[in-house]
Amino acid sequence: MATLNLGILAHVDAGKTSLTERLLYAAGVIDELGSVDAGSTRTDTLELERRRGITIKSAVVSFRLRGMTVNLIDTPGHPDFIAEVERVLGVLDGAVLVISAVEGVQAQTRVLARTLHRLGIPTLIFVNKVDRTGARFDDLLDEIAARVAPAIVPMSRVDSLGTRQAAVQAEIDWLRLADHDDAVLAALVEERPPPPPRAHDEVHPVFFGSAITGAGIDELIDGITALLPTKGENSEVSGTVFKVDRGPAGEKIAYLRMFGGALQVRDMVGADRVTGIRVFADGGTVTRPQIGAGQIGTVRGLTKIKIGDTIGVRDGKAQKAQFAPPSLETAVVAKPQHKGDLHVALAELAEQDPLINLRQDDERREVYVSLYGEVQKEVIQATLAEQYGLQVSFRETTTLHVERLAGEGSAVEFNKVDPNPFLATVGLRVRPGDGVTFDLAVEPGSMPAAFFAAVEQTVRETLRQGLRGWPVPDCAVTMTHSGYSARQSHAHAVFDKSMSSTAGDFRQLTPLVLMAALRRAGTVVHEPIHSFTAEMPPDTVPAVLPLLARLGAVPLATGVHGIDGEIPAAKVHELQRRLPALTRGEGVLDSAFAHYAPVRGRRPARERTGPDPLDRKEYLLRVVRRTL
């Protein structure tokens, strides 16, 4: 039986979880439709999800649909939880992007659509809420073509649009498809039946319907089973971990998509042995001796497993979404007697969401987390209280900047040559890159592999704080010089550490060399910029424009629905707070990360944590204290 791993994605409140519920009902998995408002949906299982009425964690449910096994993954729609979506996209065969017929294309819709296109994930578009007052058809199709993807193919029409009696009829708009498909155009010219449209990264079939009333659901199911491609199986063992959770006893549970081969109970993964496997099937999970190609399941016993880890060989289909990193940071504060417990709890939460990016300030004994928004902060606070019994507060949220290299720079320190106090030679060259990369311009056999590993690991750790204290996320680092003192001992004596290099020498010297290279290259501080859509009555636009100017926002387009533009992330909250007063309470703001831009004016700095390699004397003193 063919297997389709399907993601349901949308801007928050477009009806994504309600659509998931309707598909489960149509497949016979549930006998009664749940409600988001009532907190009774199948995939929103966390108490916090039910209470807030939003999806926070991705959830998997498997069912059979017209001769096909569908592993459906419901994902969060709120932009604060975009990292959860990112981890899911790499394991999908296809996706349904949900758009509200009333609100239309929103900020998160565009972010998701761009990412789906970049990853080449075949996508159907489902326009939900055709039964709601204000639902649109023709102008919404134009909006989707202009703001999501030009190559769209309407697959249905709607009668009684915008009423509870809205009904959907299957009807393909061949003329729109002919604009993007030469085979269809030729068939129409020759007056013969055109070939059926297939969803791929260039063409997106568009279905209309209502998850609440069920209108158009049969047509959508036809599209899911007929238009989205299932993947072939590989013989080599290959799987990707896209989620990590904790069981009742605190044990790790890894969520795994297998691309090829099979993983069995008692198989070794690294130093760990698989102790249990459950596979998603028939609306739940079942214990199985193995998990095979195309399946999604949970695996126990892997104590060292992390999100993004590969089981076996890495499959080319498993891709990284690469959404923007969080743009906010805050310190989490607990009572002094609970600080140890807080760090343990946050470390476990970081396993489930690595992008919260724990940062420890040993001197102040404070821990910082990175955030996408205020809702995520509230969720962390509630999770710590409910799951760990910890009452915490937060310091003021600050905007996370990044540093980008202005040019190239090099530095080197040689073994046994002043002022280098470490038994190591390290030379590094830095230049602008795409992500952090580490390469060798020296012979790999010129010193033990453990020493090279120590340098690379330290490079990645050190780049979390650049010249101004901000992360340096895009830097190509090349090791240009290497050297060490071979293992030595005094005559007739045992190994003498003071005469021989250790990995510690390379870990301690690397920050000094790397920061010297960064100084020579120079860095420019960048701030996160959000794209925004501010919907408002047309006559209130003139009152809003001066506020945008004061906030450093740049309007890019104005229309009947309001203003599109860009704004520094640090000013989004203020715009959201002040918009209603200027628009008779009717203004609505949607925003999403767009890009980074150089900071204008005074460059902000972030206080450093740990030994500061920019202050050589202080750095060496602190290193010495640590080793005593």
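**Notebook: strands, helices and cores**

I began at V279, which stands opposite G297 in β18. The pairing there involves strand β15 (residues 276–281) and strand β18 (residues 296–300), which pair in the antiparallel sense over four bridges. I took helices (DSSP runs of H or I, at least four residues) and strands (runs of E, at least two) as numbered from the N terminus. Two strands count as paired if DSSP finds at least two bridges between them.

I noted that the model is predicted: local features need pLDDT of at least 70 and side-chain atom pairs count only at pLDDT 80 or more, while totals for chains, interfaces and linings use all residues. Residues are numbered from 1 along each chain as its sequence is written, and side-chain values use heavy atoms, with hydrogens and water left out.

**Entry: around β15**

I next looked up the other partner of β15. Strand β16 (residues 284–287) runs antiparallel to β15 and is joined to it by four bridges; R278 stands opposite T287 there. The two strands form a hairpin with two residues between them, and D282 in the turn has a positive phi of about 50 degrees.

**Entry: the whole chain**

I counted 15 helices and 33 strands in the protein chain. The C-alpha trace spans about 95 × 65 × 60 Å along its principal axes. Buried residues make up 53% of the chain. I also recorded an accessible surface of about 27,900 Å², of which 50% belongs to carbon and sulfur atoms; such areas come from the Shrake-Rupley method with a 1.4 Å probe, and for residues only the protein chains shown count as cover.

**Entry: the seven-stranded sheet**

In which order do the strands of the open sheet of seven stand? I read β2-β3-β1-β4-β5-β9-β6, with mixed pairing. β2 (59–65) and β6 (152–154) stand at the edges with a single partner strand each, so one side of each is left without a neighbour in the sheet. Neighbouring strands are turned by 25 degrees against each other on average, direction ignored; axes are lines fitted to C-alpha atoms, for helices over the stretch in contact, and angles run from 0 to 180 degrees between N-to-C directions.

V153 has P205 as its bridge partner in β9. Helix α5 (residues 138–147) packs on the sheet and touches β4, β5, β6 and β9, with its direction at about 160 degrees to that of β6; contact means heavy atoms within 4.5 Å. Helix α4 (residues 107–119) lies across β1 (3–10), β4 (94–100) and β5 (123–128), running at about 160 degrees to β4.

I then turned to helix α1 (residues 16–26), where eight of the 11 residues are buried. Those buried residues pack against β1, β2, β3 (68–74), β4, β5 and α8 (217–227). Just after α1, G28 takes a positive phi of about 85 degrees.

**Entry: nonpolar cores**

I used the term nonpolar core for a set of buried Ala, Val, Leu, Ile, Met, Phe, Trp, Tyr and Cys residues joined through side-chain atoms within 4.5 Å. The largest has 44 residues, and L9, L89, I125, V127, I144, V148 and F208 have the most contacts inside it. Among the elements giving two or more residues to this core are α3 (82–89), β9 and β11 (252–260); α3 gives the most, with five. A second, separate core of 34 residues includes L124, L220, L227 and L228.

**Entry: the four-stranded sheet**

A further open sheet has the order β26-β27-β29-β28, with mixed pairing. Its edge strands, β26 (409–413) and β28 (436–440), each pair on one side only, and the twist averages 20 degrees from one strand to the next. I found β27 (residues 424–432) and β29 (residues 475–484) antiparallel over nine bridges, with H481 in β29 as the bridge partner of G427. Helix α11 (residues 449–462) packs on this sheet, touching β27, β28 and β29.

Technical notes. Buried < 20%, exposed > 50% of the residue type's maximum accessible area, 1.4 Å probe, protein only.
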